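Hello,

Here is the structure I promised to pass on. Have a look at it first, and my notes follow below.

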Amino acid sequence: MTIAELRDLFDYNRWAHGKTLDSAALLGPAKYAQTATGRSPSLRDVLQKLLAEEGVWLSRWEGHSLAEFPDYSECADTTALMQRWSSLWSRQRRFIESLSEDELGNPVAIRMSNGIETVQPLGETMTHVVNQATYLRGEATVLIRQLGGSAPAADYFTYCLERGSNGADEAIAP
């Protein structure tokens with residue numbers, strides 16, 4: 001994978017997160033914190049986990065082998081969560097913009113919460129983050145629908161259509 005392709009994937013990721021957060025905001029604070037089935041996590045839990053996972057991976061890329069997830073429980077509504085996202089996206093964008101093609105093979109030290117330690121190439125871990133985010137946004141979409149909301153069209157194909165079919169590197173603001 002090239003730097004240009006990774007930048008596009010992360011632009012897509014931010015765009016899709018924005019669509020998902022917008023749909024979650026329309027539900028209001030009560031539904032945002034409510035569990036849909038009584039046993040499932042709340043939409044708030046899923047979106048906070050998504051933010052935490054991306055924050056942990058960014059810290060790893062920056063050289064900190066974090067196993068602990070940040071606590072975003074103070075984000076009682078989507079506005080507060082979006083503020084935290086904006087901060088993470090700025091940091092993430094600066095990191096991605098600073099990369100060269102050669103650095104994608106650099107080893108990233110990873111310490112998991114279960115104590116397992118490993119090393120993976122940077123480019124592979126970055127691809128994993130976007131893949132994992134797609135999965136968690138899918139969970140969020142199911143919860144949005146179960147709570148009576150309208151889920152966004154946040155797939156990569158729709159992103160490409162909105163961006164323009166020529167594949168230009170113009171980012172779409174979240």
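This is a predicted model: local features need pLDDT of at least 70, side-chain atom pairs count only at pLDDT 80 or more; totals for chains, interfaces and linings use all residues.

**What I found**

Leaving out residues up to four places away in sequence, Gln 34 touches Ser 42, Leu 43 and Leu 147, where contact means heavy atoms within 4.5 Å. Gln 34 sits in the loop between helix H2 (29-33) and H3, and with a relative accessible area of 37% Gln 34 is partly exposed. For that term, buried means under 20% relative accessible area, exposed over 50%, and partly exposed in between, with a 1.4 Å probe and protein chains only.

Residues are numbered from 1 along each chain as its sequence is written, and side-chain values use heavy atoms, with hydrogens and water left out.

Now the overall picture. The chain has 6 helices and 2 strands, in the order α-α-α-α-β-β-α-α from the N terminus on. The radius of gyration is 16 Å, close to the 16 Å that the globule rule gives for 174 residues, so the chain is as compact as a globular protein of that length. Helices (H or I, at least four residues) and strands (E, at least two) are DSSP runs numbered from the N terminus; the radius is taken over C-alpha atoms, and the globule rule is 2.2 Å times the number of residues to the power 0.38. Of the 174 residues, 43% count as buried. Among contacts between residues at least 6 apart in sequence, 72% join residues at least 24 apart.

Asn 13 is found in H1 and is buried, with a relative accessible area of 1%. Neighbours within four places in sequence aside, Asn 13 is in contact with Glu 54, Val 130, Ala 133 and Arg 137.

The aromatic rings come next. Rings of Phe, Tyr and Trp (its six-membered ring) pair if their centres lie within 6.5 Å; planes under 30 degrees apart count as stacked, over 60 as edge-to-face and the rest as tilted. That rule gives 8 aromatic pairs. One of them is the tilted pair of Tyr 12 and Trp 15, at 6.1 Å centre to centre and 35° between the planes. Tyr 12 and Trp 15 are 3 residues apart in helix H1, so about one helical turn separates them. Both residues are buried, and together with Tyr 156 and Tyr 159 they form one aromatic cluster.

Just after H6, Gly 164 takes a positive phi of about 120°.

Which residue in the loop between helix H3 (43-61) and helix H4 (78-97) did I look at? Gly 63 is found there, and at 61% relative accessibility Gly 63 counts as exposed. The C-alpha atoms of Gly 63 and Ala 154, 91 residues apart along the chain, are separated by 31 Å.

Best wishes
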